[in-house]
Every structure is written in C-alpha cells, then in structure tokens.
Amino acid sequence: MSGSTSPPPTVEAVGTEGCFPPGYKPFKPEEHGLERGFRCKVPQEALLKLLAGLEPDRADGTGKAGDQASEFGQQLPGPRLGIGMDSAVIPLRHGGLSLVQTTDFFYPLVEDPYMMGRIACANVLSDLYAMGITECDNMLMLLSVSQKMNEKDRERVMPLMIRGFRDAAEEGGTSVTGGQTVINPWIIVGGVASVVCQPNEFIMPDGAVPGDVLVLTKPLGTRVAVNAYLWIDQPEKWNKIKLVVTKEEVIEAYQEAMFSMATLNRTAAGLMHKYQAHAATDVTGFGLLGHANNLARQQQNEVAFVIHNLPIIAKMAAISKACGNLFNLLQGTSAETSGGLLVCLPREQAAKFCSEMKNLSSGAGGQGAVGGAWIIGIVEKGDRHARIIDKPRIIEVPPRGSQAANQENSSTSPDPSVS
C-alpha cells in the first residue's frame, strides 16, 4: 500500500457522501450482527488477568504480575513500560534509544468506509500521542474482510477503508508499509504504530503530583451519538429519546462524533511538552473513568484523580438519561473510540494549554471539538484511584457547524473551558 504523493485531505474537506462510489449502499454494521459503538474490549479486570502471563518472572522465582524487567531488560538502561498502558516502551541496544510501539483494532462504527479508515488510524496513533510522541516512524494496517459481504461491496468498501487509513497516516507524518488482511465473519480494522526515539521525545505516564489539573482534549459521547443515529430508523428505540432530542440534533451529533474520532491527537501531544505534562492516557474503550483509573494506578506518587466536569457532545447526556443510563455515560464507563487525551498538567499551565488548544483548533477550521480542551478535575493525595463526584458539571459541547457552535466561536466572553 504505497502512499499518495498528493496532500491528504483534511477531515473537514471530506464530505460523507463524496466518499461513496456511485450506487454504493452504505455499510451498516447492524446488518452484520454488530451494534454501532459496540464495546469490543474484554472487561478491564479480566484483561489484566489474561495479560499477567506475559509479564516476565524473576530468576529467583519470586516474580509476580507487574514486574517489568527481565534479566535481559535489566542490562539495558532507559525507561521501560510494559503491560497495561497505551504503548510499550522498550530500551534498545543502540545508544540510549527506545522502541515505542502499540497496536489496536475494532469493529466498524460509522457508515462511511473512508471515514472508518481514518478513525481506525487515528485511534492507533493516539496511543503514541498519549506518550507525548508526535512522530511515528512506521505503521502497519490490520484488516479483516467480512465473508458476509458480496464481492461487489468488498471491492468498493475495502479500498475506501484502506485509503482513509493511509490518508490519516500521512496527515500524521508517517506511512503505511504493509500489514495483514484476512477473511472473517466481521469487518475488523486497525493497525500497528512504531517509533524509535530518544528519552526526551516521550513522557512516561507516571509523574502526576498532588495539585495537578486534569485536562481532556475531546468531548465524550461518541458511542451514544452513533447509536442514537441508528435509532432514527428504529421507532421502538427512537420513541424513548424523541422528547429530549430532534432528528436534526442527532444527525449533527453523529457528524461531530465521526469527525472528532477521525481527528488526530497530535497537536495535544506536542503541547504536552510545551506545558510540562506529568502523565497522560487516551480515552477509548474503557471509558473516561476506566482509563483514569488505569493511569492513576501507574503513578509513582500516592495520588487520586477527582473528576468534576464532563464535556459531552450536546444532547448526548440527555439521551443517556432518557435510556435509563443505558450507556453509563455520566458514570464515566461509556466506551469511546479515538477519544481525547486525559492529561495531568501543573496547575499554572493547564489554562494556557486549553487556550492554545482552542486557538489551534479554530485555526485549523474547527478541527477538534469546539473549545479544544477542558479542565475536568484535579489530582490530590490518595490511593491511586480515580472517581467522578456525585453531581459532576455537564459541559454541553455543540457540534461544529451548528448554530450554537457558531455563536460560541464568535463570542468574546472568557473561555469556559478554563474556568
């Protein structure tokens, strides 16, 4: 899969209809036995037990899950990060360099195969960006072609998905040099991202201190948005939410979710260095609280994360409530795909980080959700856990292009994301 020599289109330049060939019927995950926004991750606690067997044991037999250094690894100086976080960090034999590597894949979320490819690539790269890494040396693509698709649809859908993945990789300054393709009952798309870098190029996710501020760089609610969009054509489900949202608002939220998921977290990764971030992770399949807990457990200091604010795509909180908290959105466990970075920043730097994120987002034609980043909580002394307060403040994030978003962008009032 060689890269194109022409500049890749920006997310905003890609219309959802323009990506479909003439006569193409949009791919619908539900026709292949999949729920949109389907939680394909193994439950977090079960996953950690399964992965414990990959951890190296000590030579004296006293090793246990969580020990990171084998005898060979001990001979190599440099930071090391193994099972349980966004990327693996492995010291190399050559001059103090480290290999940082990650992989991820999932089922389709949106109808547009081109955008699905972009989302899959952005999701893979996000694990590197969560380490403050802005450059990727190489990517591989993993693609599973559904055996339930006829040959005509395969020939139309798969090239678009590959093109979307490739274009997002090029936007991130890297290229796709290979991968693996198989036949499977379901479409699965993802990849591998690798970079060799020096210690000053990445930020280990373990340096949070009491007094730090928690910042989130994308709004929550993508899973709710893609499912609500599906429910427009399902009267029994639409009737549950029609009193709190209009079809136009659901369509706008779906478009916002799609463009948000396809947006790279590269800008935030660069600003992590500028504003001395102490730790970060990306918010994906375990939800905000799941990933916050995972990050808290990684910290060297005895700290706890307390979340007070939840930036959510407009109307998605109301939909979640109307469904009897079906998605657990306000509880912080609703799955996200290619979500934002959750960053621990020094208190004096957090507002400036958010302000520059907003300015850069506006300068990129609205790339990233309106506002760019939000202060959502604090770091305090504690037992390495995260929690959301009983009644968090809901920040309604208007979809780009909506009337509310246009009013917010033209407002000269202080930025609510840094209050």
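This is a predicted model: local features need pLDDT of at least 70, side-chain atom pairs count only at pLDDT 80 or more; totals for chains, interfaces and linings use all residues.
**Salt bridges**

The count comes to six salt bridges.

| Arg118 | Glu171 | 2.4 Å |

Start with Glu171 and Arg118, whose closest N and O atoms are 2.4 Å apart. This pair links distant parts of the chain. Glu171 belongs to helix H4 (residues 151-171), and Arg118 to helix H3 (residues 113-129). The two residues are 53 residues apart. Their surroundings differ in accessibility class. Arg118 is buried, at 0% relative accessibility. Glu171 is partly exposed, with a relative accessible area of 23%.

Lys274 counts as partly exposed, at 47% relative accessibility.

Salt bridges with shared partners also join Arg163, Arg166 and Asp167 into one network. Asp167 is buried, with a relative accessible area of 3%. Arg166 is partly exposed, at 21%. Why do these two residues fall into separate classes?

Ser338 sits in the loop between helix H10 (316-322) and strand E9 (341-345). Is Ser338 buried or exposed? Ser338 is buried, with a relative accessible area of 1%.

The side chain of Ser338 places a polar atom 2.6 Å from the backbone oxygen of Met261. Met261 is also on the list of residues that Ser338 touches, which leaves out residues up to four places away in sequence. Other residues on that list include Ile119, Ala122 and Asn123. Lys218, Ser260 and Thr263 are touched as well. Val283 and Thr284 complete the list.

**Aromatic pairs**

How many aromatic pairs does a search of the whole structure find? The search finds four. Two of them are described here.

Tyr107 and Trp186 form an edge-to-face pair. Their centres are 6.3 Å apart, with 70° between the planes. Tyr107 lies in the loop between strand E2 (98-106) and H3. Trp186 lies in the loop between strand E4 (176-184) and strand E5 (188-197). The pair therefore ties together parts that are 79 residues apart in sequence. Tyr107 is buried, with a relative accessible area of 19%. Trp186 is partly exposed, at 33% relative accessibility.

Tyr229 and Tyr254 form a stacked pair. The values are 3.8 Å centre to centre and 5° between the planes. This pair links distant parts of the chain, 25 residues apart. Tyr229 is in helix H5 (residues 222-231), and Tyr254 is in helix H7 (residues 247-262). Tyr254 is buried, with a relative accessible area of 3%. Tyr229 is partly exposed, with a relative accessible area of 21%.

Note on methods:
Residues are numbered from 1 along each chain as its sequence is written. Side-chain values use heavy atoms; hydrogens and water are left out. A salt bridge is a side-chain nitrogen of Lys or Arg within 4 Å of a carboxyl oxygen of Asp or Glu. Helices (H or I, at least four residues) and strands (E, at least two) are DSSP runs, numbered from the N terminus. Buried means under 20% relative accessible area, exposed over 50%, partly exposed in between (1.4 Å probe, protein chains only). A polar contact is a pair of N or O atoms within 3.5 Å; within protein, one must be able to donate a hydrogen and the other to accept it, and residues adjacent in sequence count only if both atoms are side-chain atoms. Contact means heavy atoms within 4.5 Å. Rings of Phe, Tyr and Trp (its six-membered ring) pair if their centres lie within 6.5 Å; planes under 30 degrees apart count as stacked, over 60 as edge-to-face and the rest as tilted.
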